Each structure stands twice: as C-alpha cells, then as structure tokens.
Amino acid sequence: MDRLFMENGYISLNKMGEELCGDRVEVKPVNANGDFTMVLADGLGSGVKANILSTLTSKIIATMMDSDMPIEECVTTIAQTLPVCSVRQVAYATFTIIKVYRNKDVHLIQYDNPDVICLRDGKNFDYPKEEKVIAGKKIYESLFKIKLGDLFIAMSDGVIHAGVGQSLNFGWERPNVIEYAESRYQPDMSAKAMASVLSDACNDLYMGKPGDDTTVAVLRIRERQLVNLMIGPPVDKADDEKVMELFFSKEGKHIVCGGTTSTMVARYLGTTVKTKIDYLDPSIPPIGYIDGIDLCTEGVLTMGRVVEIAKAYASATTDVSTEWIGKRDGASLISQMLFEDATDVNLFVGRAMNPAHQNPNMPIDLSIKLRLIEDLAKYLEQMGKHVKVSFY
C-alpha cells in the first residue's frame, strides 16, 4: 500500500438565480500507473450553456490526461471540439489541471483560471511556472516534487471576483485568498474542509448572492490512515476468536459498535466495558470505553445517524454542514474518524441476530443493519475512501 494518499474535495456556489453551476470538477482516482488527475473547468457564461461546456471540457481533458496523452493534444482536441463564442470571440472554457505522477511529482497546467495556490507547511509556496502557447492558447505549466502535507487549491474566477462592487472594491484578490487560507490552515484539515472554509468566505463576500459561479477544489497530499470498524458478532460463535484476531491484526484505529460486540471484544482483550450515562445528544446513546479500543459506541441507532451524516457530507458540492466536527457523541466521533481521519476503511460486519432486537417494542431487523453498512460503504467510496466490507 502506497504511503501517500491523494485526498480531494470541492465546493461550488451557483451564480444567483441559476440552478446549474457553470464550473465543473472531474477527478480521476489513482490509476494503474499510480497517477492521479483532477481538472477544474469554468464554462463561458453561466447556466445550462456554461454547465455543458465545463462538463465536456473537464471530462475530455481528465480522460486524456489520465491516459498520459500530451497536453498539446488535450488542448488541441478541446479547441477543435468545443465552440468559441461567436459574439465575444473568447474561449469555450478555462481550465486547471493538477496531475500527480506516482506520488512523486505534480504537474500543474493552467489556462485562464486564477493561479493554483500551493500551501507547503501551511505557508504559500511560490512554485515555478513556464509559459507556452498551444493552439493559440497561452498555457502555464509547472512541474515539481510534491511534499507530504502539500495542499493545492484550484479556483474558478468567481473566487477572486467575490465581493466586487459589494463588500470589496476590487474583489477578493489572490494574495487575500492566500492570506486567508494560511490563517485557517491546520495540518490535519481535510481537503473538503479547506474547500468549505474558502467557499464560505466567498459566499459571505457575495453577501449570500454570488455574482458568478464560484468553485474551490482542493488536493491534499497526506499519509494513509486505516480505520477498522466492527459491528455485530459472527453468526457462528465458534468464529469469535478468529474474527477478533483478524480485526486486531489490522494496523490503524479500531472502532467497536454495539453492546454484544463490545462485550465480546472486551472479553478477548481481558478487560471490561466501562460506560458513562452521559447523553451528549439526546438522540444518540452514550459511548463506552474499552482499554485498547479507540472508540466504543452503541450499534444500530448510532450507525443510523452516522449514515445520515455520511449521505449529506458525501453528496454535498454546494453546501457542507460540518456541525458534527468537534462534537463528542458517538455518531459524531465515528464520523470524524471515518470521514476526516481515514483514507482506508475496513468494515467487519457480524450477521448474528441480537436477541434484544427481537423485542416487538424495538423491532430492529438484521436487514436494517446490513443496509446501513451497505449505504455507509457507498458514501465512503463517494468521498474517495478505499473500503473493504467483510461479513461473518
């Protein structure tokens, strides 16, 4: 398993009055060659037309770059495929390409979008740039070594136009964006969290009424972090020991969900489950404590809330609610470990029926738990996590 992970996230604000965003972000996960590609395209104008142009531009370029085609062919293909505005005679779409080769080098290719910001050790890194003309377009290229912790921020011009004629005279210029990003930077901040911080600032400058489509796309070079979560004991009690050995053989953090599962884990570790009747959230059962386990929570009810948070977080591209970050209830703690900390997730799912759930006053079917796990795995994959689900 490669040590580095390409964590990415983006947020878009639609121009006021538009249902579709004229910006588009296309991501190609690490391929067989070990290369990662992210493209941000800004379509001409706004609305449906801009959305179509940016979608075609980002998909074509991302696909070609992912296949190791030279940038000259990518730009020429775009120029020949998409139209130029007949009235203004300006480009079909502008774009920013961030490609990382084999966890070693980053290739930035920028056409008419605001320059990518690179934060290295939390401070702006002034990377080299070379200008070239391809198919009549002035392109800026950069190629340099990546460093663990590097944060790349790509933007559409809605970011640097934020506040023009409203809260600012000349907009939120790039030096201002850099200063703000540096001030909000934290070493463990996720890519999506940084994108959310910057887009929230843009929305504030626009006074909640964006005058242009505004997109912030972030790539964070981070170390892989494995999180293992177990929920439910095996169907066959004879398999308890084997499953425990497998669970604890995995590196990284360990989460245990459910009363029966917690008891089984504590017995295996030669300890007990300590509980606190401390309802930090009245809708979420309190957490427990087991020596040797990073987090111990109740099962299905807590997991149901985790899946709700996952669904909102994974699908959000225009508005991200992160009120669960910093909270200490079981669902929020699981969410923080899976969504913010983890790059890889192992889900250990026991299919034994819980006798407590057979009570007619509390009808929790096994199929409900399995559906929750299925949904959780799907949303984690949408976030770019590597997920493995094992049933016992």
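Reply: Helix 9 is largely enclosed by the rest of the structure, because 11 of its 12 residues are buried. Buried here means under 20% relative accessible area, while exposed means over 50% and partly exposed is in between, using a 1.4 Å probe and protein chains only. Before we go on: this is a predicted model, so local features need pLDDT of at least 70 and side-chain atom pairs count only at pLDDT 80 or more, while totals for chains, interfaces and linings use all residues. Residues are numbered from 1 along each chain as its sequence is written, and side-chain values use heavy atoms, leaving out hydrogens and water.

Back to the helix. The buried residues of helix 9 include Gly 330, Leu 333, Met 337 and Phe 339. At its start, a side-chain oxygen of Asp 329 comes to within 3.2 Å of the backbone nitrogen of Ala 331. That's a polar contact: a pair of N or O atoms within 3.5 Å, where within protein one must be able to donate a hydrogen and the other to accept it, and residues adjacent in sequence count only if both atoms are side-chain atoms. How far should helix 9 span? At 1.5 Å a residue, its 12 residues (330-341) should span 16 Å, and the end C-alpha atoms are 15 Å apart, which agrees. The expected span is 1.5 Å times one less than the number of residues.

Helices (H or I, at least four residues) and strands (E, at least two) are DSSP runs, numbered from the N terminus. Just after helix 1, Asp 68 has a positive phi of about 65°.

One is open, with 6 strands in the order 2-3-4-5-9-8 and antiparallel pairing; two strands pair if DSSP finds at least two bridges between them. Strand 2 (23-28) and strand 8 (130-134) are at the edges with a single partner strand each, so one side of each has no neighbour in the sheet. From one strand to the next, the twist averages 15°. Strand 2 is joined to strand 3 (residues 35-43) by 6 bridges; Val 25 stands opposite Leu 40, and Glu 26 faces Val 39. In the hairpin they make, with 6 residues between the strands, Gly 34 takes a positive phi near 85°.

Helix 1 lies across strands 2, 3, 4 and 5, at about 160° to strand 3. Such angles run from 0 to 180 degrees between N-to-C directions, with axes fitted as lines to C-alpha atoms, for helices over the stretch in contact.

The other open sheet has 5 strands, ordered 1-11-10-6-7 and paired antiparallel. Its edge strands are strand 1 (4-13) and strand 7 (123-124). Strand 1 meets strand 11 (residues 214-223) over 10 bridges, and Leu 13 stands opposite Thr 214. Helix 5 (residues 191-205) lies across strands 1, 6, 10 and 11, at about 20° to strand 1.

A polar atom of the Asn 228 side chain is 3.0 Å from the backbone oxygen of Glu 251. Not counting residues up to four places away in sequence, Asn 228 touches several residues, including Phe 247, His 254 and Phe 348; contact means heavy atoms within 4.5 Å.
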